[in-house]
Each structure stands twice: as structure tokens, then as C-alpha cells.
Amino acid sequence: PIENRLEELHAQLDFLMPGFLGSLRSFQERYARPIENGDQQAAAALRRRVRPFVLRRLKQEVAKDLPPRTDVVLRCELPPPQREVYEVVRHAARSQARELVEGNRTMEALEHLLRLRQAACHPRLLPGEAPDVSGKLAVLMEKLEEVIAEGHRALVFSQWTGFLDLIEANLRADGVGFVRLDGSTRDRQASVDAFQAEDGPPVFLISLKAGGTGLTLTAADYVFHTDPWWSPAVEDQATDRAHRIGQTRPVISI
């Protein structure tokens, strides 16, 4: 799939039809860089070039009876102990940001961003001792309680299995039934079948990378993304595990 860069399109077509879009360098000069800079003529030219070989169908064209999907942004406050941890991580990142960028140490800069994202989810995702408090986890558990009480079922996605562990512990403490799928799951279909069953549990915990594509989970009509991925297209794919042919209820993605 093409997620982030036009060079991914070049790689796929060059595999199928070597030389069709020229060398990678000429493709970058003729199409990729101009399009990234907002050149609409270059975008139109590339679209015409690949149109005979690209079949694109929008969901609303092939599944006209599919119920609507609504995307909701749910905001939550960091409790003081979590805010304190986040601020420590943020100040460390800011103090080193210029040095890392000027030194072309991209991976180290991304490491700081990763730690900030983890701190925003739960301090216990960070190395070392950390307070066991998370505003995001508290809001998630509150919303799950509401939707389950109303008869809905939910998918809960996270990129970190460590965060899924923390959510799982809270579900167990509250006596909420669930199934889980991550990279260590041996029988994926058994987890899917258990959730899809009419009497299946109300919550499915899923690792974004392990279960964000290739599954049909229309028993759920709520989808929770606990942490944003680098590419929104990956989150859309994950939400569409529930919002796909066979779904009979509107889907809420949070």
C-alpha cells in the first residue's frame, strides 16, 4: 500500500513494468518533488500517466448501503502526576532538538517524539519507575462502560502492546469480557470468531500493526484509537475493520 511517499508508487510500478516511470531520480525530479511543493500540473500529469493501470473504487461506490461512519475527537486532561512526567520528557526533547536536527540525527529526534507519545498515553510505558495514572486510560474505561451499557461492542487499538496490557488489567478488574489480538497471537481466526459470535465479549483489544488490516469485525460499532499512528491512512484501515460490508449499524470512531 502507498502511505507516505510517492516513491512508493514508483517502486510498485517499477516492479510490474520496469522503466515505465523512468528512473527513481527522474521520477523525483519530474513528479515527486513538484507534487510535494503543491504543483497541481505535475499531479495531473502523473494521474494521467498511471490511470490505465490503477483501479480505484471508493467505498461509497461499491457499498452504497453501508451505514455512516462518524469520526469523533475525544479530548482528555493529563492528571498532575502524568503531566509532571510529560513535562520532564518534553523539556528533555526541547533541549536537544536543535542539536539533533542540525546533526542530522533523525532517529534520535524521533525517539524523543516516541517518548512524548508514550507519556501522553501512560507514564508506565516509559523506561524506569513511573506513576500508575493515566488520564487517557481513565477516559477510555469510562467510555467503554457507557457503550457496553448501551449494548454496543468495541474495538480498541493501540500501537503498544504495553498499553494493551494496562487496558487489559483494567478490564479484568472491572469484570469486562474481552478478546485480544497482537503479534504473539497464534490463532488469529479463533480470536476473530470469538468476538464475532453473537454472544461474544463486548471488547476486542488489537495491536494496530497486527490487526489493523485484513480482518472483518462487524460485530463492533465503536472503534477506539488510543494513540495516533504516524499515517492517518493506517488508522482509517483499522477503523474499517468494523466499517465494511456486512455492518448494519452506524460506526463511531474515536
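Trainee: Where does tryptophan 230 lie, going by the strands and helices around it?

Mentor: Keep in mind that this is a predicted model. Look between the strand β5 (222–225) and the helix α11 (232–239). Tryptophan 230 lies in the loop between β5 and α11.

Trainee: And which residues form a nonpolar patch on the surface with Trp230?

Mentor: Tryptophan 230 counts as partly exposed because its relative accessibility is 49%. The patch has about 430 Å² of accessible area together.

Trainee: Which backbone nitrogen does the side chain of serine 134 reach at 3.0 Å?

Mentor: There are two backbone nitrogens to look at here. The backbone nitrogen of lysine 136 lies 3.4 Å from a polar atom of the serine 134 side chain. At 3.0 Å, the side chain reaches the backbone nitrogen of leucine 137.

Trainee: What separates arginine 172 and glutamate 168 along helix α8?

Mentor: These two form a salt bridge, with the closest N and O atoms 3.1 Å apart. Arginine 172 is exposed at 57% relative accessibility, whereas glutamate 168 is buried at 16%. Salt bridges with shared partners join both into one network with Asp165, Arg180 and Asp182. Because they sit four residues apart in α8 (residues 161–174), the separation is about one helical turn.

Note on methods
Residues are numbered from 1 along each chain as its sequence is written. This is a predicted model: local features need pLDDT of at least 70, side-chain atom pairs count only at pLDDT 80 or more; totals for chains, interfaces and linings use all residues. Side-chain values use heavy atoms; hydrogens and water are left out. Patches are made of residues with over 30% relative accessible area and no salt bridge: like charges are joined within 9 Å, nonpolar side chains (Val, Leu, Ile, Met, Phe, Trp, Tyr) within 5 Å. Accessible areas come from the Shrake-Rupley method with a 1.4 Å probe; for residues, only the protein chains shown count as cover. A salt bridge is a side-chain nitrogen of Lys or Arg within 4 Å of a carboxyl oxygen of Asp or Glu. Helices (H or I, at least four residues) and strands (E, at least two) are DSSP runs, numbered from the N terminus. Buried means under 20% relative accessible area, exposed over 50%, partly exposed in between (1.4 Å probe, protein chains only). A polar contact is a pair of N or O atoms within 3.5 Å; within protein, one must be able to donate a hydrogen and the other to accept it, and residues adjacent in sequence count only if both atoms are side-chain atoms.
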